[in-house]
Amino acid sequence: MSTETLIQQLKTKISQFESQVNVSETGTVTSVRDGIATISGLAGCQSSEMLNFGNGILGLALNLEEDSIGAIILGDQTAISEGDSVKRTKEILSISVSNDIIGRVVGPLMNVLDGKGDLSKGKQVPVEKIAPGVMSREPVNQPLQTGIKYIDALIPIGRGQRELIIGDRQTGKTQIAIDTILNQHDQDVICIYVAIGQKRSKVARIVAELEKRGAMRYTTVVLAGASDNPALLYLAPYAGTSIAEYFMDQGKDVLVVYDDLSKHAVAYREMSLLLRRPPGREAYPGDVFYLHSRLLERSCRRNEAHGGGSITALPIIETQAGDLSAYIPTNVISITDGQIFLETDLFYKGIRPAINAGASVSRVGGTAQIKAMKKNAGPMKLALAQYRELASFAQFDSDLDPATKLTLDRGKRVTEIMKQKQYSPVSTAHQIAGIYAVNKGYLDNVPIEMISGWEKTFHQFLDASKKHMIDALMTGWDDSIEEKLQRACEEFNMTRSD
């Protein structure tokens, strides 16, 4: 072999040479306690980066200090000891999401909890993501029908809105969210229910009810139970939003329920104190507002140029003794686009859902209502407001003039027709028909205790003989539609009187 050939072969070998050395940055665990690991080394580690403890256990770097790193452990901390090696992954925390996740119950890290087999490998999506910018958003003007008369008429929710459900424990907050999910059966909306710190037995009952009523075919449940470590409770709502974003990227409308963010804030406070972060008001860390704002800002309605689709958020907050001015409630109220306030006194009086109309508001308002609902809900709001104003002092005066008595009687009937049992969402057209009837006085001669039966029979009458009118209510409102609805109310009352 000539010298030139040998030199050429050596040059070729050198140019094709690839180093087989795998360089990775490694640190050492200096302490492990209460689901928190303190690590020395890893000078290049970034915030929210995943760390590999070995044996399939991951951690999430949250504290970046001068000579150490504080990380939460996403797994069994008993398998980690002082002196163990930790490696950087150079990746932020992400989860695998596919269309197969619909109808399943999963944990925040997509571990299967329903025993129905493993999920197929899907797209890797980051758990935390920057919210869509202003220029990619569309105004909220399409209704998200909840099937709850009080909300759809007085506190309307639009697709892409963030509407807070707030109240004391055991006042029906979760029930409003579940009824809203049930009402999406024909609305082409995918639902994500995120249970944060709830008893697994309670979530199992909710899942069973959703299964029974056919709602799990378009619903995913993300569960971080009361017995799980705070790290999973902290990650659960972000994982639920990432699933929602996966479907929004397909141009679909998604509803996300966070039940509840009070427990989420408590879990974050526990983590922060264990990480030795400075406590602030009520021992919450200073960034607890940012905790929820960066979560809820991801809910929006995107314009067609950026793929369309929407995420509607229904965060739930638990108050203590109805105190709306507490720290976490005021934080979340300032982030959301309105609130539905449930009052304990109303609940025990039998007014359910126990919504306090005075403290409840939707900042989207009538733009999220169809025309027929907007036209008929206005007079009802006025009737309710007058009733509340008069009812407070009318109980002390037995001698009332006829106009005041009429206002009180009408208000009682409006209040009665707005009552609704759980798991009984009402279609929008039926709501409009009932509201029109009470506004126009067709229930003035119906005894209060018989209004519920009147309404049920009225809906059956409309479905049986006025189907075209019911369909027309969903498309608009004009004199001809009102005339048909008026005749239907008169015809039904004549039938009943016979």
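Reader: What does contact mean here?
Author: Heavy atoms within 4.5 Å of each other. Angles run from 0 to 180 degrees between N-to-C directions, with axes as lines fitted to C-alpha atoms, for helices over the stretch in contact. Helices (H or I, at least four residues) and strands (E, at least two) are DSSP runs, numbered from the N terminus.

Reader: And what sort of model is it?
Author: It's a predicted model, where local features need pLDDT of at least 70 and side-chain atom pairs count only at pLDDT 80 or more, while totals for chains, interfaces and linings use all residues. Residues are numbered from 1 along each chain as its sequence is written, and side-chain values use heavy atoms, with hydrogens and water left out.

Reader: OK, how many strands in the open sheet, and in which order?
Author: Eight, in the order E8-E12-E11-E13-E14-E10-E15-E16, with mixed pairing. Two strands pair if DSSP finds at least two bridges between them.

Reader: Why do E8 and E16 each have a side without a neighbour?
Author: E8 (105-106) and E16 (361-362) stand at the edges with a single partner strand each, so one side of each has no neighbour in the sheet.

Reader: How do E13 and E14 pair?
Author: In the parallel sense, with six bridges between E13 (residues 253-259) and E14 (residues 310-318). Val257 sits opposite Leu314 in E14.

Reader: Which strands does H3 touch?
Author: H3 (residues 173-182) packs on the sheet and touches E10 (164-167), E11 (189-196), E12 (219-224), E13, E14 and E15 (338-342). Its direction makes about 160 degrees with that of E14.

Reader: Where does H5 lie?
Author: H5 (residues 230-248) lies across E11, E12, E13 and E14, at about 175 degrees to E11.

Reader: New topic. What does E3 pair with?
Author: E3 (residues 49-54) pairs antiparallel with E6 (residues 85-92) over three bridges, and Glu49 faces Ile92 in E6. Four bridges also join E3 to E4 (residues 57-64), again antiparallel, with Gly54 partnered by Ile57 in E4.

Reader: What's in the turn of the hairpin that E3 and E4 form?
Author: Two residues lie between the strands, and Asn55 in the turn has a positive phi of about 55 degrees.

Reader: How many residues are in the largest nonpolar core?
Author: 69, and Ile181 and Leu473 have the most contacts inside it. A nonpolar core is a set of buried Ala, Val, Leu, Ile, Met, Phe, Trp, Tyr and Cys residues joined through side-chain atoms within 4.5 Å; buried means under 20% relative accessible area (1.4 Å probe, protein chains only).

Reader: What does Leu473 contact?
Author: Ignoring neighbours within four places in sequence, Leu473 is in contact with Ile370, Ala372, Ala429, Ile432, Ile481 and Leu485. Apart from that core lies another, of 59 residues, including Ile166 and Tyr238.

Terms used
Buried < 20%, exposed > 50% of the residue type's maximum accessible area, 1.4 Å probe, protein only.
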